[in-house]
Each structure stands twice: as C-alpha cells, then as structure tokens.
Amino acid sequence: MVSDINKPLTESFRFLDERIVERFKSHYESKIAVQLNNLPPPTLSSDMINKKASAITEKEEEVLVSSLTDVLDTIALPNNRPTRLLQDYRGSSFSIPGYIKFVCSDGQYKKIYENLIGSPRKDYRVTIIVDVSQSMAGMAEIGATSIIISLAAALQNINVLFSIITSGSVTKLVKDFNDEWDNKTKAKLYDALTFDQDETNLSDSIFYATQLITDGASSKVGKTIIVLTDGYPSAPKKLQTSLYHAESMNVQTLAIGIGYFTEGIFEYFPYFVLADDPKLLPGALQSFYLGEQKLEGLASAAGRVVTEKVLYNEKQLANMDEAWDLEMDKIYLEEYEKSKRDLTLRVFSVVQAATKLKIRLCFVLDTTGSMGGYIEMAKNKIQVITENIKKRIFDESKRDADLQIGFIGYKVRGQVGHLDKIPFTSDLAALQSFINSQRASGGSWDTGYEDKEDALLGALEFKWSEWEGPKEDGREDGTVKFLVLIADYPDRGTVGTMFQTVQKYALKNIYFLFVTILPGGTDILQKERGEMRQAYQSTAKSKIKDKGFMEINMNDIGNDTNQLSEKIVDKVNEVVMVNFM
C-alpha cells in the first residue's frame, strides 16, 4: 500500500495556524546546537573500525541494492539538472541573460532562448532518518538495518548526496552530506543502530533534517527526507508541525513503514509506503513515485495485505498474523543464529560506553603432580594476562575495564590443597600471593581422575555479577563472565552430574574456555570435552549458544604456555569486543 503522491500535504494541516509553526520553528532552532548530537568519531583501532564496517557491508543485499539503484536512478530521483544551457535564436525555454543582452543592445542581440546541451545530471539531497526506539527491536530492527544499508549503497551508486540521522530519545547525526561513505562512517552507523531508546522523537529529527537538508542548498535542488519507522512517535502533534514545516521548505518527507505493526504510519504520515519485507521495497517505491494507486500484486509488494484471505506460499491463511507465525522462527534463526561472523549490530549506548566494563575471569586449574608447568604459568603470567586484557580493551574501545580475577585449584577429593580458592578480586598483590602458594602435588596415580566437578561447583558460588545471591535471579547487569578450565585428565564423576554443572554456567551466561592437555588420558578427556560442549550448548541462550563454549588444545600450540596466556587474552578480548561493545 502506498499513499497518493499527488495529494497536497497542506490539506492535511489546514488546522495549523502559521503562527504556531513559526513559534515551533523558533523554539526548535534554539535546541539544535544542544540536541543535534554528532556521534563522536570512532576512537578505535583501525582493525576494529574495519571489523565494524565489515559488519555493515555484510548486511548489503546485492539484489536489493541493485533493484533500489534502478528505481532511484530512473523513477524516484531522475536526472533533474542540465549540465549546460546554450543561448540560441530558438529554443525550448526563455533565456533571462539573453533577454537582458537583447534590451541592452537595443535589439541587436537576438539569442533570447536557450537549449540544453550535454547530458542532464542529478542534483538531490536525501536524508535518511532511522527510528532506533525499543519498539523497533526484533523483526522491525532487521528490516530497518537491511533497508538503511541498502539505501545508502544505492544512493552512493547514483552519486546522490545523502545524510543519515538516528531518532530516539535524542537526534544523532551519523553521516553528514560531506562525509564519505567509508569504513569510518560505517563504523559510526554500526555504533548508532542500538534500537534501545525509550522514546521516538521523530518531530525533532524531521525538523533537524529539514534544517540540515536546506542549509546552503538552492531552490533547484531536490530535497527528500526518508523516515524508517514503525509509525509510533512520542509527540504526534509536534510531528505534524514538523512535517508542515518541511513542506513549507520544499522538502518532501516519505515514511517507510517497517515491520508488521505499522498502523501509526496511516495516521501520522501523508506520504508513505509499507515494507514488511525489505526485498519488496523497490516495487513499493516505484508505485509511489509513479502515482499508481492500483497495481496487481502490489498489496504484497507494499507489504500490507488487506484482503480477508491470504494466499501465502500456496497455503490459504486467514490473515497475515498466521503467515507471521509460520515465518517467525525461521527468520530469527536465519538472522541471529546461522551467522558465524565475529560482529553483530548490537552495541551498548553512549552512556554505557562511558562507564567501566565489568569483567569477571575465573581460573579453575588442576594442581596435581602432573601440572607443575601450568601452575608456574599461572604464577608468572596472571598479572600479564590481567594487564593485557585491560590494555587491549582500552586500545580498541577507549573504555576502562573493572577486571576481577578468581582462582580455584583442585586435586582429588580429600587431598591437601583440593579446592584452594580465592574469590574474585582486583587486588593483584593478594591474588599473586595466593597463586604463588600453590604446589603441584597429589593426584590419583591409579585412575588419573581428578575432581574438577567440585571446583566447577565452587566457582559457581563466586559473585559473578552485582546482583546479590548466588543464583542472580536470572538478571543481567552487563558483566562479562568468563571461566577458564585447565585440565589434563577427565573427572572422576564424568558419568554423574558434572554435565548438569556445566549447564548451570550456560544458564548464567558465563563463557566457558576449556584448555585441554592431552597426555595418557587423551581419548577419555576428548570425549569429556565433547560432552561438556554438548551439555553447554543444549542449555545456552541463543546469543551464546554457538560461541559460548570455547576450546584450546595445547597440542595445537606445542604445549607453549606463553602462547596459552596470549590466547586467553585473545579469547576474552574477542568476547568483549563482539558482545559487549
């Protein structure tokens, strides 16, 4: 479904007094300097900028970009400015400069017409506004992300100047008209697409976009604001005033309804198209700009089915809600679980970024007689690991880390030193003193089994987050929780309850790194590791299901403990950068 492009916008706002608009304009102009917040330039390493830019580029859908490029190039934003006009005796239009010469020369100069020579070009400015409120999270977020990235690529293809604004509790300018569509800008967009804002101040954003798009632009420049939203503004009356103001400045505002619940689009926006599925947007835009009110099959192309019965994938359904129910699981799995890339478009807000990132890192180490080299590594490397994690995080995000380390050593149940532990602490001196007291001793020389389950249960009792109580009531406070288990033999209780213990780590969103040293008990330890991974993944939430359980095989790095300490830093940094920045 599309609105009528030929309907005068002023008919929708005849009730508005011009004085109201002027007062509105004066009021909001005074707020521009305060609320039109440029996102700060990414203070990240070039590697992190490239990773974030790659995450944006990966969302470009080649077919969608190609279709949008065609529609924008030929229908929505056709060539509108001549490259050169030549004065002549006859022509298609009257020439003001020629007429002046005619008057000044007493009629001697007779070239008072002009003709276009050379190919015409495009002269447009387009501002894209993305609603990043909480109501857009989920399927609308997926659609908006795909559309904003594909629209930007298409506008870049046809050499049209464009800017990008996000609209939430405040308005943020992500890309100005003069900014290149390069990795730095894409990294800024990555950081801006949070979809976590409490409000949708589209009235502010459209007003600011109007000021931005008209600043320094001649009256001949085509000006369009495209709003990606589900249609539920926080201040509907102010939104109407902003739309009226935009029209008075010769700026057309087009809303693209995203998602399946976009009834607000009909009520608040005179010009709109609906795009439940991003792939159908080119057809909807074509219908809108051609002014076609009825096109066969365009109901689905516009993303809204209004018939009583729906034919969906050759199945007769009562309505689109049934189609949605059929597709929901599939779409979510495709978008959130199948991807194996290192980055997602989930980021923390600017306020969160300004606070310290809380990290809890617990080492569970077999301290029996065969583990002397790894105990020495812990003694020599624990401070290096701590400092390198904090340094890497700051270098890549300019964010300090509140890193606390815990430690549990385990042997065979009943032996001296079994379950020696120090809870999470930021006191490196106390931590170092405790680890220095550890000795390689004990073990079960008959079976090779040690009691790692006791240690894993003990670590669960540590305070992993700020919430009081060992169970944390399932609440999250943004803490990065990471356990490193280092072992060379399987647990005596492998056939018992240890796998249920591993599942508890998954339920608490604790990332689990299993470092395996494979001597004589290789086959059994490998089997145990595989079963632990299966138990973890069977319980983990979708966001950590695939990557929450990690492994390092010491045989793969030549049993080099220096490399092990570096890999632990790499793993923690990867989890932090991908999921908590």
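Modeller: Two strands are said to pair if DSSP finds at least two bridges between them. Helices (H or I, at least four residues) and strands (E, at least two) are DSSP runs, numbered from the N terminus. The model is a predicted one, in which local features need pLDDT of at least 70, side-chain atom pairs count only at pLDDT 80 or more, and totals for chains, interfaces and linings use all residues. Residues are numbered from 1 along each chain as its sequence is written, and side-chain values use heavy atoms, with hydrogens and water left out.

Six strands form an open sheet with mixed pairing, in the order E15-E14-E13-E16-E17-E18. Its edge strands are E15 (420-425) and E18 (549-553), each of which pairs on one side only. On average, neighbouring strands of this sheet are turned by 15 degrees against each other, direction ignored; axes are lines fitted to C-alpha atoms, for helices over the stretch in contact, and angles run from 0 to 180 degrees between N-to-C directions.

Helix H16 (residues 428-436) lies across E14 and E15, where contact means heavy atoms within 4.5 Å. The direction of H16 is at about 165 degrees to E15.

Elsewhere, Val103 is found in helix H5. Val103 is partly exposed, with a relative accessible area of 46%; buried means under 20%, exposed over 50%, and partly exposed in between (1.4 Å probe, protein chains only).
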